[in-house]
Amino acid sequence: MDEFEKAFRASGLKITHQRMEIYRELARAKDHPAAETLHKRLQQKIPTISLDTIYRTLSSLEQHGLICRINSREKQARYDADRRRHHHLVCTQCKQILDFQWEAFDRSEPPAELKHWGRLLRRDVILYGICGKCSESM
């Protein structure tokens, strides 16, 4: 949380109770929740928190690099507070999202045709498949 507070102060954003609770809940979550899921969880702690506040805060946190949005094939974006370099694996059946490391990909050179395109800023991979639990039930 100290890193979060420092980053928030460096970006010039005010640290509020609601922002801290939203970030705390997201940092604690292992399921990469959607905004609606965060809203349901946070209503127990902050009954007056609105879904709009959740969306605006997530957008602000993303813009300042404190969280990342996972644009899976679902209607709702999912969010991740883990800022370490990693990638995501999505089950197309149960929608579970898992983090994984892929050091060989991270170190590899981009295809030659991209060298003249410009400058790459990030590498994010989302792999889609069917998890073992869903495969067993098919």
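Residues are numbered from 1 along each chain as its sequence is written, and side-chain values use heavy atoms, with hydrogens and water left out. Because the model is predicted, local features need pLDDT of at least 70 and side-chain atom pairs count only at pLDDT 80 or more, while totals for chains, interfaces and linings use all residues.

**The whole protein**

Begin with the entire protein in a cartoon view. It has 6 helices and 5 strands; helices (H or I, at least four residues) and strands (E, at least two) are DSSP runs, numbered from the N terminus. Along the sequence, their pattern is α-α-α-α-β-β-β-β-α-β-α. The C-alpha atoms fill a box of roughly 50 × 45 × 25 Å along the principal axes.

Switch to a surface view next. The accessible surface is about 9,400 Å², and carbon and sulfur atoms account for 50% of it; such areas come from the Shrake-Rupley method with a 1.4 Å probe, and for residues only the protein chains shown count as cover. Of the 138 residues, 33% count as buried, a term meaning under 20% relative accessible area, with exposed over 50% and partly exposed in between (1.4 Å probe, protein chains only).

**Helices H2 and H4**

Select residues 17-28 (helix H2) and 51-63 (helix H4), which pack at an angle of about 75° with their axes 10 Å apart. Axes are lines fitted to C-alpha atoms, for helices over the stretch in contact, and angles run from 0 to 180 degrees between N-to-C directions. H2 is therefore roughly perpendicular to H4, the term for angles of 65 to 115 degrees. Show the side chains as well: Gln-18, Arg-19, Ile-22, Tyr-23 and Leu-26 of H2 meet Thr-53, Ile-54, Thr-57, Leu-58 and Leu-61 of H4, where contact means heavy atoms within 4.5 Å.

**Cys-68**

Move to Cys-68, in strand S1 (residues 68-70). Cys-68 counts as buried because its relative accessibility is 19%. Apart from neighbours within four places in sequence, Cys-68 is in contact with Arg-78, Tyr-79 and Asp-80.

**Leu-89**

Finish at Leu-89, in strand S3 (residues 87-91). With 37% relative accessibility, Leu-89 counts as partly exposed.

Methods:
Parallel < 35°, antiparallel > 145°, perpendicular 65-115°, else oblique.
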